[in-house]
Amino acid sequence: MDNNSVQQRLKCHFYDHFEASDSTFLSAITPQPLDNPSWVSTNKDLAEMLGISADEMASDTCLGIMSGDLTQYSINSFAAVYSGHQFGVWAGQLGDGRAITLGEIAVGDNDELWDLQLKGAGPTPYSRFGDGRAVLRSSIREYLCSEAMHGLGIDTTRALSLSTGTTTAVREQVEPAAVVCRVARSHIRFGNFEHFHYSNNPKAVKELADYLIQRHFSAWKEDPKRYYLLLQNCVLKTAKTIAQWQSVGFCHGVMNTDNMSILGDTIDYGPFGFLDIYNPEFICNHSDHQGRYSFRNQPSIALWNLNALATCFGSLLDTNEITDCLKQYENEYLSQYRTIMATKIGLLEYQPQDEQLINQLLIMMANDQVDYTLFFRKLCDFSVSNQSIRDYFIDRDQFDLWAETYLQRLASQKLTDKQRCESMQQINPLYVLRNYMAQTAIEAAEAGDYSEVELLLKILNNPYITHPEAEKYEGLPPDWASKISVSCSS
Ligand code: AMP
Ligand code: MG
(Lines give C-alpha, C1' and ligand atoms only; values in the text may rest on other atoms or scores of the structure.)
(Ligands and ions follow the chains in the order given, each with its own letter.)
Protein backbone atom coordinates (compact mmCIF):
# COMPACT_ATOMS: atom_id res chain seq x y z
CA MET A 1 0.00 0.00 0.00
CA ASP A 2 1.21 3.49 -0.83
CA ASN A 3 2.53 5.10 2.35
CA ASN A 4 1.28 8.42 1.17
CA SER A 5 -2.31 7.34 0.57
CA VAL A 6 -5.18 8.89 2.47
CA GLN A 7 -5.79 5.74 4.50
CA GLN A 8 -2.13 5.63 5.52
CA ARG A 9 -2.04 9.31 6.37
CA LEU A 10 -5.20 9.24 8.46
CA LYS A 11 -4.21 9.29 12.11
CA CYS A 12 -6.45 9.71 15.07
CA HIS A 13 -4.67 12.05 17.42
CA PHE A 14 -7.97 13.00 19.01
CA TYR A 15 -8.63 9.40 19.84
CA ASP A 16 -5.09 8.75 21.07
CA HIS A 17 -5.16 11.88 23.14
CA PHE A 18 -8.26 10.96 25.05
CA GLU A 19 -7.87 7.22 25.11
CA ALA A 20 -5.06 7.72 27.60
CA SER A 21 -7.44 9.28 30.12
CA ASP A 22 -10.90 7.94 29.42
CA SER A 23 -13.31 7.85 26.55
CA THR A 24 -15.84 10.24 28.06
CA PHE A 25 -15.31 12.37 24.99
CA LEU A 26 -16.16 10.00 22.19
CA SER A 27 -17.41 6.62 21.09
CA ALA A 28 -15.65 4.41 18.59
CA ILE A 29 -18.03 3.82 15.71
CA THR A 30 -17.72 2.34 12.24
CA PRO A 31 -19.59 4.12 9.45
CA GLN A 32 -22.32 2.38 7.49
CA PRO A 33 -21.37 2.62 3.82
CA LEU A 34 -23.72 3.88 1.16
CA ASP A 35 -24.85 1.04 -1.12
CA ASN A 36 -23.44 1.20 -4.65
CA PRO A 37 -21.61 4.48 -4.06
CA SER A 38 -20.81 6.98 -6.77
CA TRP A 39 -19.44 10.49 -6.78
CA VAL A 40 -21.63 13.50 -7.13
CA SER A 41 -18.59 15.74 -6.92
CA THR A 42 -15.04 15.86 -5.66
CA ASN A 43 -13.29 19.04 -4.69
CA LYS A 44 -9.99 19.02 -6.57
CA ASP A 45 -8.66 22.25 -5.07
CA LEU A 46 -9.19 21.08 -1.51
CA ALA A 47 -7.79 17.64 -2.34
CA GLU A 48 -4.67 19.33 -3.66
CA MET A 49 -4.39 21.44 -0.51
CA LEU A 50 -4.58 18.22 1.50
CA GLY A 51 -1.92 16.58 -0.66
CA ILE A 52 -4.34 14.13 -2.29
CA SER A 53 -3.58 13.74 -5.99
CA ALA A 54 -6.31 13.95 -8.62
CA ASP A 55 -5.73 10.26 -9.46
CA GLU A 56 -6.03 9.20 -5.85
CA MET A 57 -9.13 11.30 -5.34
CA ALA A 58 -10.72 9.68 -8.40
CA SER A 59 -9.87 6.18 -7.16
CA ASP A 60 -12.30 3.56 -5.88
CA THR A 61 -10.38 3.57 -2.62
CA CYS A 62 -11.24 7.22 -1.97
CA LEU A 63 -14.80 6.70 -3.13
CA GLY A 64 -15.09 3.76 -0.73
CA ILE A 65 -13.63 5.55 2.28
CA MET A 66 -15.47 8.79 1.65
CA SER A 67 -18.82 7.05 1.28
CA GLY A 68 -18.28 5.17 4.54
CA ASP A 69 -16.71 1.83 3.64
CA LEU A 70 -13.76 1.31 5.99
CA THR A 71 -13.91 -2.49 6.02
CA GLN A 72 -10.43 -2.93 4.56
CA TYR A 73 -8.70 -0.40 6.74
CA SER A 74 -7.86 0.00 10.37
CA ILE A 75 -9.18 3.51 10.81
CA ASN A 76 -10.21 4.45 14.37
CA SER A 77 -13.31 6.40 13.48
CA PHE A 78 -15.41 7.95 16.22
CA ALA A 79 -18.36 10.17 17.10
CA ALA A 80 -17.92 12.86 19.76
CA VAL A 81 -20.36 13.78 22.47
CA TYR A 82 -21.56 17.33 23.00
CA SER A 83 -24.56 19.12 24.43
CA GLY A 84 -25.96 22.55 23.74
CA HIS A 85 -28.50 25.31 23.93
CA GLN A 86 -30.95 25.09 21.05
CA PHE A 87 -33.05 28.19 20.38
CA GLY A 88 -31.89 29.55 23.71
CA VAL A 89 -33.00 26.54 25.75
CA TRP A 90 -30.75 23.93 27.33
CA ALA A 91 -31.19 20.83 25.19
CA GLY A 92 -28.98 18.41 27.14
CA GLN A 93 -26.91 15.80 25.37
CA LEU A 94 -26.76 15.89 21.58
CA GLY A 95 -23.49 14.71 20.04
CA ASP A 96 -22.41 13.67 16.56
CA GLY A 97 -25.64 11.97 15.57
CA ARG A 98 -24.73 11.68 11.94
CA ALA A 99 -21.10 12.67 11.77
CA ILE A 100 -18.21 10.24 12.11
CA THR A 101 -14.64 11.51 12.29
CA LEU A 102 -12.10 9.39 10.43
CA GLY A 103 -9.05 11.11 11.90
CA GLU A 104 -6.72 13.87 10.85
CA ILE A 105 -4.20 14.21 8.12
CA ALA A 106 -1.07 16.33 8.40
CA VAL A 107 -0.68 18.91 5.67
CA GLY A 108 2.19 21.03 4.43
CA ASP A 109 5.57 21.85 5.88
CA ASN A 110 4.06 22.62 9.27
CA ASP A 111 2.11 19.37 9.44
CA GLU A 112 -1.07 21.30 10.06
CA LEU A 113 -3.77 18.82 11.05
CA TRP A 114 -7.11 18.72 9.28
CA ASP A 115 -9.97 16.49 10.48
CA LEU A 116 -11.78 14.36 7.93
CA GLN A 117 -15.35 13.66 8.94
CA LEU A 118 -18.17 11.84 7.16
CA LYS A 119 -21.56 13.46 7.51
CA GLY A 120 -24.46 11.10 6.89
CA ALA A 121 -22.61 7.78 7.21
CA GLY A 122 -25.06 6.07 9.52
CA PRO A 123 -26.10 6.11 13.15
CA THR A 124 -23.89 6.68 16.17
CA PRO A 125 -24.55 6.31 19.91
CA TYR A 126 -25.71 9.96 19.78
CA SER A 127 -28.26 9.57 16.99
CA ARG A 128 -31.20 9.55 19.41
CA PHE A 129 -34.20 9.12 17.08
CA GLY A 130 -32.34 9.95 13.87
CA ASP A 131 -31.15 7.55 11.21
CA GLY A 132 -27.65 9.00 10.97
CA ARG A 133 -28.21 9.79 7.32
CA ALA A 134 -28.26 12.99 5.31
CA VAL A 135 -30.25 13.35 2.11
CA LEU A 136 -28.77 14.42 -1.19
CA ARG A 137 -30.45 17.84 -1.21
CA SER A 138 -29.15 18.94 2.20
CA SER A 139 -25.73 17.48 1.40
CA ILE A 140 -25.50 19.48 -1.83
CA ARG A 141 -26.34 22.59 0.15
CA GLU A 142 -23.63 21.87 2.72
CA TYR A 143 -21.09 20.90 0.05
CA LEU A 144 -21.63 24.05 -2.00
CA CYS A 145 -22.03 26.49 0.85
CA SER A 146 -18.86 25.41 2.65
CA GLU A 147 -16.93 26.12 -0.51
CA ALA A 148 -18.86 29.32 -1.22
CA MET A 149 -17.90 30.65 2.21
CA HIS A 150 -14.30 29.66 1.63
CA GLY A 151 -14.44 31.45 -1.73
CA LEU A 152 -15.65 34.54 0.11
CA GLY A 153 -12.62 34.38 2.40
CA ILE A 154 -14.60 33.31 5.47
CA ASP A 155 -13.08 30.60 7.68
CA THR A 156 -15.27 27.55 7.51
CA THR A 157 -15.40 23.80 7.53
CA ARG A 158 -14.63 22.64 3.99
CA ALA A 159 -16.13 19.93 1.82
CA LEU A 160 -13.84 17.44 0.12
CA SER A 161 -16.35 15.20 -1.58
CA LEU A 162 -19.98 14.39 -2.03
CA SER A 163 -21.09 10.84 -2.74
CA THR A 164 -24.44 9.21 -3.14
CA GLY A 165 -25.64 5.67 -3.83
CA THR A 166 -28.76 3.53 -3.83
CA THR A 167 -29.24 4.00 -0.07
CA THR A 168 -32.30 6.08 0.75
CA ALA A 169 -33.53 8.03 3.75
CA VAL A 170 -37.11 8.76 4.68
CA ARG A 171 -37.92 12.41 5.24
CA GLU A 172 -41.14 13.99 3.96
CA GLN A 173 -40.65 11.40 1.24
CA VAL A 174 -38.11 8.72 0.39
CA GLU A 175 -34.99 10.46 -0.82
CA PRO A 176 -31.49 9.50 -1.96
CA ALA A 177 -28.97 9.53 0.89
CA ALA A 178 -25.55 11.12 0.50
CA VAL A 179 -22.31 11.55 2.40
CA VAL A 180 -20.25 14.73 2.56
CA CYS A 181 -16.63 14.33 3.56
CA ARG A 182 -16.23 17.41 5.71
CA VAL A 183 -12.80 18.79 6.47
CA ALA A 184 -12.01 21.14 9.35
CA ARG A 185 -9.20 22.39 11.50
CA SER A 186 -11.48 21.38 14.36
CA HIS A 187 -14.98 20.01 14.72
CA ILE A 188 -15.13 20.97 18.40
CA ARG A 189 -18.10 23.14 19.26
CA PHE A 190 -19.09 25.33 22.17
CA GLY A 191 -21.37 22.40 23.01
CA ASN A 192 -18.45 20.06 23.70
CA PHE A 193 -17.47 22.32 26.60
CA GLU A 194 -21.05 22.75 27.73
CA HIS A 195 -21.48 19.00 27.89
CA PHE A 196 -18.75 18.56 30.48
CA HIS A 197 -19.44 21.75 32.36
CA TYR A 198 -23.11 20.90 32.89
CA SER A 199 -22.36 17.30 33.73
CA ASN A 200 -20.19 18.64 36.52
CA ASN A 201 -16.93 17.39 35.06
CA PRO A 202 -14.37 20.22 35.28
CA LYS A 203 -11.56 17.72 34.72
CA ALA A 204 -12.92 16.98 31.26
CA VAL A 205 -13.39 20.71 30.54
CA LYS A 206 -9.71 21.21 31.34
CA GLU A 207 -8.66 18.22 29.23
CA LEU A 208 -10.61 19.54 26.27
CA ALA A 209 -9.04 22.98 26.66
CA ASP A 210 -5.58 21.41 26.97
CA TYR A 211 -6.19 19.35 23.86
CA LEU A 212 -7.17 22.43 21.84
CA ILE A 213 -4.15 24.37 23.08
CA GLN A 214 -1.83 21.52 22.25
CA ARG A 215 -3.27 21.06 18.79
CA HIS A 216 -3.91 24.61 17.67
CA PHE A 217 -1.99 26.98 19.90
CA SER A 218 1.10 25.10 21.00
CA ALA A 219 2.96 28.38 21.59
CA TRP A 220 0.67 28.97 24.59
CA LYS A 221 1.28 25.56 26.16
CA GLU A 222 3.36 26.83 29.06
CA ASP A 223 1.70 30.23 29.26
CA PRO A 224 -0.05 30.77 32.62
CA LYS A 225 -2.74 32.71 30.71
CA ARG A 226 -3.39 29.93 28.20
CA TYR A 227 -7.06 29.35 29.06
CA TYR A 228 -7.72 33.07 28.91
CA LEU A 229 -6.02 33.18 25.51
CA LEU A 230 -8.11 30.26 24.29
CA LEU A 231 -11.39 31.90 25.29
CA GLN A 232 -10.25 35.28 24.03
CA ASN A 233 -9.30 33.77 20.69
CA CYS A 234 -12.77 32.27 20.38
CA VAL A 235 -14.42 35.59 21.26
CA LEU A 236 -12.34 37.57 18.76
CA LYS A 237 -12.51 35.02 15.96
CA THR A 238 -16.26 34.60 16.37
CA ALA A 239 -16.67 38.39 16.21
CA LYS A 240 -14.71 38.48 12.96
CA THR A 241 -16.61 35.60 11.38
CA ILE A 242 -19.98 37.13 12.24
CA ALA A 243 -18.87 40.51 10.85
CA GLN A 244 -17.97 38.72 7.64
CA TRP A 245 -21.36 36.96 7.57
CA GLN A 246 -23.14 40.29 7.93
CA SER A 247 -21.02 41.85 5.20
CA VAL A 248 -21.87 39.20 2.61
CA GLY A 249 -25.50 38.84 3.70
CA PHE A 250 -25.12 35.31 5.06
CA CYS A 251 -27.75 34.07 7.46
CA HIS A 252 -26.79 30.84 9.26
CA GLY A 253 -30.25 29.86 10.41
CA VAL A 254 -29.44 27.64 13.42
CA MET A 255 -26.96 29.41 15.66
CA ASN A 256 -27.39 26.93 18.49
CA THR A 257 -24.35 26.60 20.74
CA ASP A 258 -23.71 23.13 19.31
CA ASN A 259 -23.34 24.71 15.88
CA MET A 260 -20.65 27.19 16.94
CA SER A 261 -17.03 26.27 16.32
CA ILE A 262 -14.51 26.72 19.11
CA LEU A 263 -12.13 28.18 16.53
CA GLY A 264 -14.76 30.65 15.35
CA ASP A 265 -15.11 29.03 11.93
CA THR A 266 -18.48 28.69 10.24
CA ILE A 267 -19.88 25.20 10.83
CA ASP A 268 -23.10 23.23 10.20
CA TYR A 269 -24.81 24.32 7.05
CA GLY A 270 -28.51 23.57 7.30
CA PRO A 271 -31.25 26.08 6.54
CA PHE A 272 -28.78 28.90 5.80
CA GLY A 273 -29.65 31.60 3.29
CA PHE A 274 -27.97 34.52 1.62
CA LEU A 275 -29.95 37.73 1.46
CA ASP A 276 -31.57 38.48 -1.86
CA ILE A 277 -33.14 41.86 -1.09
CA TYR A 278 -31.57 43.63 1.88
CA ASN A 279 -33.92 42.80 4.72
CA PRO A 280 -32.42 42.90 8.20
CA GLU A 281 -35.42 40.96 9.52
CA PHE A 282 -34.70 38.08 7.14
CA ILE A 283 -35.30 34.64 8.72
CA CYS A 284 -33.91 31.83 6.60
CA ASN A 285 -34.99 28.94 8.81
CA HIS A 286 -38.63 28.11 8.28
CA SER A 287 -38.77 26.54 11.79
CA ASP A 288 -37.50 29.72 13.48
CA HIS A 289 -40.92 31.16 14.28
CA GLN A 290 -39.69 33.83 16.69
CA GLY A 291 -36.89 35.01 14.43
CA ARG A 292 -34.27 34.32 17.08
CA TYR A 293 -31.73 33.67 14.33
CA SER A 294 -32.82 36.43 11.97
CA PHE A 295 -30.09 38.18 9.99
CA ARG A 296 -30.16 41.22 12.26
CA ASN A 297 -29.88 39.14 15.43
CA GLN A 298 -26.77 37.19 14.46
CA PRO A 299 -24.17 39.46 16.10
CA SER A 300 -26.00 39.50 19.44
CA ILE A 301 -26.81 35.79 19.32
CA ALA A 302 -23.12 35.04 18.82
CA LEU A 303 -22.44 36.97 22.02
CA TRP A 304 -25.21 35.07 23.81
CA ASN A 305 -23.55 31.84 22.70
CA LEU A 306 -20.12 33.09 23.80
CA ASN A 307 -21.61 33.79 27.22
CA ALA A 308 -22.80 30.18 27.35
CA LEU A 309 -19.30 29.02 26.43
CA ALA A 310 -17.59 31.38 28.85
CA THR A 311 -19.68 29.97 31.71
CA CYS A 312 -17.94 26.65 31.07
CA PHE A 313 -14.57 28.30 31.61
CA GLY A 314 -15.61 29.05 35.20
CA SER A 315 -13.37 26.27 36.49
CA LEU A 316 -10.37 27.55 34.51
CA LEU A 317 -10.64 31.33 34.85
CA ASP A 318 -11.86 33.78 37.44
CA THR A 319 -14.92 35.94 36.86
CA ASN A 320 -12.89 39.02 35.97
CA GLU A 321 -10.97 37.19 33.28
CA ILE A 322 -14.19 35.81 31.78
CA THR A 323 -15.88 39.22 31.82
CA ASP A 324 -12.79 40.78 30.31
CA CYS A 325 -12.83 38.31 27.41
CA LEU A 326 -16.53 38.78 26.71
CA LYS A 327 -16.22 42.56 26.86
CA GLN A 328 -13.92 42.45 23.84
CA TYR A 329 -16.60 41.05 21.56
CA GLU A 330 -18.50 44.22 20.77
CA ASN A 331 -15.48 46.33 19.89
CA GLU A 332 -13.98 43.61 17.78
CA TYR A 333 -17.25 42.98 15.96
CA LEU A 334 -17.82 46.66 15.26
CA SER A 335 -14.26 47.28 14.20
CA GLN A 336 -14.29 44.31 11.81
CA TYR A 337 -17.72 45.14 10.42
CA ARG A 338 -16.95 48.81 9.87
CA THR A 339 -13.67 48.06 8.16
CA ILE A 340 -15.26 45.53 5.82
CA MET A 341 -18.25 47.72 5.00
CA ALA A 342 -16.00 50.72 4.34
CA THR A 343 -13.96 48.57 1.96
CA LYS A 344 -17.15 47.38 0.29
CA ILE A 345 -18.07 50.94 -0.58
CA GLY A 346 -14.57 51.69 -1.81
CA LEU A 347 -13.10 53.53 1.16
CA LEU A 348 -9.45 53.05 1.96
CA GLU A 349 -10.10 53.37 5.66
CA TYR A 350 -13.09 53.70 7.92
CA GLN A 351 -13.64 57.11 9.49
CA PRO A 352 -16.27 57.84 12.14
CA GLN A 353 -18.45 59.85 9.74
CA ASP A 354 -18.66 56.80 7.47
CA GLU A 355 -20.99 55.08 9.91
CA GLN A 356 -23.79 57.37 8.83
CA LEU A 357 -22.97 56.90 5.17
CA ILE A 358 -23.13 53.11 5.49
CA ASN A 359 -26.20 53.07 7.73
CA GLN A 360 -28.09 55.49 5.51
CA LEU A 361 -27.34 53.31 2.51
CA LEU A 362 -28.58 50.19 4.28
CA ILE A 363 -31.77 51.95 5.38
CA MET A 364 -32.47 53.02 1.79
CA MET A 365 -31.75 49.51 0.54
CA ALA A 366 -34.13 48.01 3.09
CA ASN A 367 -36.86 50.55 2.33
CA ASP A 368 -36.61 50.05 -1.42
CA GLN A 369 -35.96 46.28 -1.27
CA VAL A 370 -32.69 46.44 -3.13
CA ASP A 371 -30.81 43.23 -3.93
CA TYR A 372 -27.86 43.10 -1.55
CA THR A 373 -25.24 41.31 -3.64
CA LEU A 374 -26.06 42.90 -6.98
CA PHE A 375 -26.17 46.39 -5.54
CA PHE A 376 -22.70 46.26 -4.04
CA ARG A 377 -21.31 44.72 -7.21
CA LYS A 378 -22.85 47.49 -9.30
CA LEU A 379 -21.60 50.08 -6.85
CA CYS A 380 -18.07 49.19 -7.99
CA ASP A 381 -18.80 51.00 -11.29
CA PHE A 382 -20.37 54.05 -9.69
CA SER A 383 -18.82 57.42 -10.52
CA VAL A 384 -19.84 61.00 -11.28
CA SER A 385 -20.61 59.95 -14.83
CA ASN A 386 -22.09 56.51 -14.11
CA GLN A 387 -24.96 56.56 -11.65
CA SER A 388 -26.96 53.68 -13.04
CA ILE A 389 -27.40 52.20 -9.52
CA ARG A 390 -29.88 55.03 -8.99
CA ASP A 391 -32.37 52.78 -10.81
CA TYR A 392 -32.34 50.32 -7.92
CA PHE A 393 -34.12 52.85 -5.73
CA ILE A 394 -37.71 54.02 -5.64
CA ASP A 395 -36.91 57.13 -3.63
CA ARG A 396 -34.50 58.69 -6.10
CA ASP A 397 -34.31 62.06 -4.33
CA GLN A 398 -33.08 60.39 -1.22
CA PHE A 399 -30.58 58.41 -3.24
CA ASP A 400 -29.29 61.61 -4.88
CA LEU A 401 -28.67 63.15 -1.48
CA TRP A 402 -26.80 60.09 -0.36
CA ALA A 403 -24.79 59.93 -3.60
CA GLU A 404 -23.71 63.54 -3.18
CA THR A 405 -22.19 62.82 0.24
CA TYR A 406 -20.71 59.58 -1.05
CA LEU A 407 -19.05 61.29 -4.01
CA GLN A 408 -17.58 63.92 -1.71
CA ARG A 409 -16.18 61.19 0.51
CA LEU A 410 -14.70 59.38 -2.50
CA ALA A 411 -13.17 62.60 -3.75
CA SER A 412 -11.28 62.92 -0.46
CA GLN A 413 -9.29 59.83 -1.43
CA LYS A 414 -6.54 59.82 -4.02
CA LEU A 415 -7.86 56.93 -6.10
CA THR A 416 -9.00 56.84 -9.70
CA ASP A 417 -12.45 55.38 -10.41
CA LYS A 418 -10.75 52.45 -12.09
CA GLN A 419 -8.52 51.72 -9.10
CA ARG A 420 -11.45 51.93 -6.72
CA CYS A 421 -13.57 49.71 -8.95
CA GLU A 422 -10.86 47.07 -9.11
CA SER A 423 -10.38 46.93 -5.37
CA MET A 424 -14.14 46.96 -4.71
CA GLN A 425 -14.61 44.03 -7.08
CA GLN A 426 -12.28 42.01 -4.88
CA ILE A 427 -14.62 42.30 -1.92
CA ASN A 428 -18.05 42.54 -3.55
CA PRO A 429 -18.87 39.13 -5.03
CA LEU A 430 -20.83 38.71 -8.22
CA TYR A 431 -22.20 35.36 -7.05
CA VAL A 432 -23.35 34.06 -3.68
CA LEU A 433 -25.12 30.74 -3.12
CA ARG A 434 -28.68 31.97 -3.31
CA ASN A 435 -31.28 29.36 -2.37
CA TYR A 436 -32.61 29.13 -5.90
CA MET A 437 -29.12 28.33 -7.22
CA ALA A 438 -28.71 25.48 -4.74
CA GLN A 439 -32.25 24.36 -5.60
CA THR A 440 -31.44 24.31 -9.33
CA ALA A 441 -28.39 22.12 -8.68
CA ILE A 442 -30.42 19.84 -6.36
CA GLU A 443 -33.19 19.27 -8.89
CA ALA A 444 -30.70 18.47 -11.64
CA ALA A 445 -28.72 16.16 -9.32
CA GLU A 446 -31.84 14.31 -8.24
CA ALA A 447 -32.41 13.65 -11.93
CA GLY A 448 -28.83 12.34 -12.24
CA ASP A 449 -27.20 15.44 -13.72
CA TYR A 450 -24.36 16.76 -11.55
CA SER A 451 -23.11 19.42 -13.94
CA GLU A 452 -24.87 22.24 -12.09
CA VAL A 453 -23.13 21.24 -8.84
CA GLU A 454 -19.82 21.47 -10.69
CA LEU A 455 -20.68 24.82 -12.23
CA LEU A 456 -21.68 26.29 -8.87
CA LEU A 457 -18.60 24.87 -7.18
CA LYS A 458 -16.46 26.54 -9.80
CA ILE A 459 -18.06 29.99 -9.68
CA LEU A 460 -18.45 30.08 -5.91
CA ASN A 461 -14.85 29.13 -5.48
CA ASN A 462 -13.98 32.43 -7.10
CA PRO A 463 -17.06 34.62 -6.88
CA TYR A 464 -15.25 37.87 -7.60
CA ILE A 465 -14.57 37.31 -11.29
CA THR A 466 -17.08 36.98 -14.09
CA HIS A 467 -17.68 33.42 -15.23
CA PRO A 468 -19.24 33.76 -18.69
CA GLU A 469 -20.68 30.22 -18.55
CA ALA A 470 -22.70 31.21 -15.47
CA GLU A 471 -24.28 34.36 -16.85
CA LYS A 472 -27.71 33.10 -15.78
CA TYR A 473 -26.64 33.54 -12.15
CA GLU A 474 -25.62 37.17 -12.51
CA GLY A 475 -29.07 38.70 -12.26
CA LEU A 476 -31.90 38.97 -9.79
CA PRO A 477 -33.34 35.69 -8.52
CA PRO A 478 -36.41 34.37 -10.36
CA ASP A 479 -39.87 34.83 -8.86
CA TRP A 480 -40.08 31.21 -7.68
CA ALA A 481 -37.02 31.77 -5.45
CA SER A 482 -39.10 33.44 -2.76
CA LYS A 483 -41.28 30.30 -2.44
CA ILE A 484 -38.37 28.07 -1.36
CA SER A 485 -38.70 27.05 2.26
CA VAL A 486 -35.84 25.50 4.22
CA SER A 487 -36.06 24.15 7.75
CA CYS A 488 -33.76 22.31 10.18
CA SER A 489 -31.59 19.30 9.47
CA SER A 490 -32.52 16.85 6.78
P1 AMP B 1 -28.22 19.88 13.38
O2 AMP B 1 -29.55 20.52 13.34
O3 AMP B 1 -27.79 19.21 12.08
O4 AMP B 1 -27.15 20.75 13.93
O5 AMP B 1 -28.37 18.65 14.38
C6 AMP B 1 -28.74 18.75 15.74
C7 AMP B 1 -28.48 17.43 16.42
O8 AMP B 1 -29.27 16.40 15.83
C9 AMP B 1 -27.06 16.94 16.33
O10 AMP B 1 -26.79 16.18 17.48
C11 AMP B 1 -27.10 16.06 15.11
O12 AMP B 1 -26.04 15.15 15.07
C13 AMP B 1 -28.44 15.39 15.29
N14 AMP B 1 -29.03 14.93 14.02
C15 AMP B 1 -29.53 15.69 13.03
N16 AMP B 1 -30.01 14.93 12.03
C17 AMP B 1 -29.78 13.64 12.39
C18 AMP B 1 -30.03 12.38 11.77
N19 AMP B 1 -30.63 12.28 10.59
N20 AMP B 1 -29.66 11.28 12.45
C21 AMP B 1 -29.07 11.35 13.64
N22 AMP B 1 -28.82 12.51 14.27
C23 AMP B 1 -29.16 13.64 13.66
MG1 MG C 1 -25.38 20.68 14.33
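Helices (H or I, at least four residues) and strands (E, at least two) are taken here as DSSP runs, numbered from the N terminus. The structure is a predicted model, in which local features need pLDDT of at least 70 and side-chain atom pairs count only at pLDDT 80 or more, whereas totals for chains, interfaces and linings use all residues. Residues are numbered from 1 along each chain as its sequence is written, chains are lettered from A and ligands numbered from 1 in the order in which they are written, and side-chain values use heavy atoms, with hydrogens and water left out.

Just after α6, Gly153 adopts a positive phi of about 80 degrees. The helix itself runs over residues 136-151, and its 16 residues should span 22 Å at 1.5 Å a residue, in agreement with end C-alpha atoms that are 22 Å apart; the expected span is 1.5 Å times one less than the number of residues. Of the 16 residues of α6, 14 are buried, so the helix is mostly covered, where buried means under 20% relative accessible area, exposed over 50%, and partly exposed in between (1.4 Å probe, protein chains only). Buried residues in α8 include Ala204, Val205, Leu208 and Tyr211, along with the charged Glu207 and Arg215.

Attention now turns to the ligands. Around ligand 1 there are 17 residues, of which Gly95, Gly97, Arg128, Gly132 and Asp268 come nearest; a residue is near a molecule if one of its heavy atoms lies within 4 Å of it. This shell divides into two nonpolar, eight polar and seven charged residues, with Ala, Val, Leu, Ile, Met, Phe, Trp, Tyr, Cys and Pro counted as nonpolar, Asp, Glu, Lys and Arg as charged, and the others, Gly among them, as polar. Oxygen atoms of ligand 1 lie 2.6 Å from a backbone N or O atom of Gly95, 2.7 Å from a polar backbone atom of Gly97 and 2.9 Å from an N or O atom in the side chain of Arg128. Taken alone, ligand 1 exposes 480 Å², and the protein buries 85% of that (Shrake-Rupley method with a 1.4 Å probe).

Backbone angles deserve a friendly second look. Most residues other than glycine have a negative phi. Arg128, in the loop between β7 (112-119) and β8 (134-135), has a positive phi near 50 degrees, and it counts as exposed at 57% relative accessibility. Phe87, in the loop between β4 (83-86) and β5 (89-93), likewise has a positive phi near 50 degrees, but is partly exposed, with a relative accessible area of 29%.

Two further residues are covered. Ala47, in helix α3 (residues 44-49), is buried at 2% relative accessibility. Arg158, in strand β9 (residues 158-170), is buried at 7%.

Terms used. A polar contact is a pair of N or O atoms within 3.5 Å; within protein, one must be able to donate a hydrogen and the other to accept it, and residues adjacent in sequence count only if both atoms are side-chain atoms.
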